[in-house]
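This report goes through selected features of one protein chain. The sequence and structure come first, and the notes follow.

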Amino acid sequence: MKYSGYAFIYTIGCQMNVYDSEKLASILNACGFEKTEDMDKANVVVCNTCSIRHKAEEKAYSFLGRFARIKKKNPNLITVMAGCVAQQEGEKAFERVPHLDIVLGTRAFSRFHQHISAIQSGRSRIVDIEDSPMIYESLPDTAGFEKNKVSRFVTIMQGCENFCTYCVVPYVRGKERSRKPENIVEEITLLSDSGVKEVTLLGQNVNSYGKKEGEISFSELLKKINDIDGIHRIRFATSHPKDLSMDLMHAIRDLEKVCNHLHLPVQSGSNAILKKMNRGYTRQQYLDRIFELKNQCPDISLSTDIIVGFPSETINDFNDTMDLIRKVEFDSIFAFTYSNRSSAPAAKFSDQIDEKEKLDRLNLLLQLQETFNEMKNKTQIGKILEVLVEGKSSKKRDGFEQFEKNMEQMTGRSVSNKIVHFPSSRVNIGDMVRIKIENAYPHSLWGHPEFD
Ligand code: 5AD
Ligand code: SF4
């Protein structure tokens, strides 16, 4: 059945959730609901949730709490909790959020339109946390995608079977499955036709793409995407250090559209902790891969994820992590304090670390990394970087108004994923411009277009 009205979607969490929300928007669009940024105007409100850390889960519940107020004003409003917390909680979600209509798990998307119809016909409280074979292939493609974006995410695989002991992903996103290469290529071709210049391929462990299905390898998939006209840049996340292949290093080195950047989560620099995390590699094996990578791709920019305060992490373990950061010299780091997730095995590990101690360690680590961020960025001064323009910068650089009259401060990213701000009066979103870098800060670069 077709309805007409508006849908508001609030997304919490990772890039995969951003992509999932676009798919949800496409389904709602096919049902007749147009996307709106105004929650008060909506006929359907969706909160796409994340359960990776306690904070994300609390953010979801705090947002879902707002549904009560708007539902009071508009009793016909359809309220939906989607994603990882929905998958984890199922029926229990109603205890904390009684005014919910639909609890939609991570693999139930293909049945979403039926649930919307059922609620419209008078049913209440639908929970769907069942599996479906491959969630993305049967869904409408780009209809719900925000227009005028030059860079897009494309999920190429779902689930994870690595079972790191701190992580909920294997429990909330299920078994690892890869999408068919032809469907991925078709989706990216459609995106390219609509003006997209850069795609980021998403999966929990892209290095094992297609292995189970006997499909082409991840490097072969990269080659196919490299051949799509109109796409200028290919990024991907995440690679698991235990599976990072020589083939992939060569793909980064040789395929001109594949960006010179790798996100390779290490999580800890201590062998004892890596073992307890079930990561499947040692500190030395990680370092060997990094040095091989630097050997193959000398200018590669590197980022990582780190968890501090994992159960039983001693000061020596933590110092091993600090030491690894010094050895690798990452361009940037995403660091988190360990968050106890009841469905993950580490919740039952002894020697849980005090919250304040975790925060102290996190601050030390971030302080250390700040110096590397700046040091790495400073090496870019004087270089000319190709920047894909993403929009106007919201935060103006000090002195901008004074010095750059009649110009907009624009922003974009370099191939190595660095944020670059620059003044210009004549570039458009989606343009590739060459920027001469004049200044470097810990989290961004500043320069002028070569032609201005
Ligand atoms: N606590 C803290 N950080 C976590 N991550 C995953 N699970 C947890 C947890 N329980 C981090 C890891 C992962 C990133 C996406 O989130 O570093 O790479
Ligand atoms: Fe979680 Fe480990 Fe899978 Fe990443 S690889 S999603 S950290 S279980």
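Predicted model: local features only at pLDDT ≥ 70, side-chain atom pairs only at ≥ 80, totals over all residues.

Arginine 152 belongs to strand 7 (residues 151-155) and glutamate 22 to helix 1 (residues 15-30), so the contact ties together parts that are 130 residues apart in sequence.

Both partners fall under the 20% cut-off for buried residues. Arginine 152 has a relative accessible area of 4%, and glutamate 22 is at 7% relative accessibility.

## Other salt bridges

Side chains of opposite charge can pair when their charged atoms come close. The count for the model comes to 28 salt bridges.

One of them joins the side chains of lysine 73 and aspartate 40, at 3.8 Å from N to O. This pair links distant parts of the chain, 33 residues apart: lysine 73 is in helix 3 (residues 67-73), and aspartate 40 is in the loop between strand 2 (33-35) and strand 3 (44-49). Lysine 73 counts as exposed, at 59% relative accessibility, whereas aspartate 40 counts as partly exposed, at 49%.

Another salt bridge is formed by aspartate 131 and arginine 177, whose closest N and O atoms are 3.0 Å apart. Here too distant parts of the chain are linked, 46 residues apart: aspartate 131 sits in the loop between strand 6 (126-128) and strand 7, and arginine 177 in strand 9 (residues 177-178). Aspartate 131 is partly exposed, at 39% relative accessibility, while arginine 177 is buried, at 16%. A network of salt bridges links Lys23, Arg179 and Glu187.

## A negative surface patch

On the surface, Glu182, Glu186, Glu213 and Glu215 gather in a patch of negative charge. One of these residues, glutamate 213, lies in the loop between strand 10 (198-202) and helix 9 (218-226). The relative accessible area of glutamate 213 is 35%, and the residue is partly exposed. Membership of a patch requires over 30% relative accessible area and no salt bridge, so glutamate 213, at 35%, passes the accessibility part of that rule.

## Strand 17 and its partners

Strand 17 (residues 419-424) is mostly covered, with five of its six residues buried. Strand 17 pairs with strand 16 (residues 408-414) in the antiparallel sense, over six bridges. Within this pairing, serine 424 in strand 17 is the bridge partner of glutamate 408. The hairpin of strand 16 and strand 17 has four residues between the strands, and asparagine 417 in this hairpin takes a positive phi near 75°.

Strand 17 also runs parallel to strand 19 (residues 445-449), and two bridges join them. Histidine 421 stands opposite tryptophan 446 in strand 19.

What follows strand 17 on the way to strand 18 (432-440)? A loop lies between these two strands, and serine 425 is in this loop. Serine 425 is exposed, with a relative accessible area of 52%. The C-alpha atoms of serine 425 and glycine 159 are separated by 45 Å, and the two residues are 266 residues apart along the chain.

## Backbone features in loops

The peptide bond from alanine 237 to threonine 238 is cis, with omega near 5°. Threonine 238 is in the loop between strand 11 (233-237) and helix 10 (246-254).

Two further backbone points concern positive phi. Arginine 125 is not a glycine, yet has a positive phi of about 45°. This arginine 125 is placed in the loop between helix 6 (112-120) and strand 6, and counts as partly exposed at 41% relative accessibility. Glutamate 329 is likewise not a glycine and has a positive phi of about 60°. The loop that holds glutamate 329 runs between helix 13 (315-328) and strand 14 (332-337). Glutamate 329 is partly exposed, with a relative accessible area of 29%.

Definitions and conventions. Residues numbered from 1 in each chain as written. Chains lettered and ligands numbered in written order. Heavy atoms only, no water. Patch = residues over 30% accessible without salt bridge, like charges linked within 9 Å, V, L, I, M, F, W, Y side chains within 5 Å. Areas by Shrake-Rupley, 256 points an atom, 1.4 Å probe, with all protein chains shown as cover. Salt bridge = Lys/Arg side-chain N within 4 Å of Asp/Glu carboxyl O. Lys, Arg positive; Asp, Glu negative; His and termini not counted. Charge placed at Lys NZ, Arg CZ, Asp CG, Glu CD. Buried < 20%, exposed > 50% of the residue type's maximum accessible area, 1.4 Å probe, protein only. Pairing = 2+ DSSP bridges.
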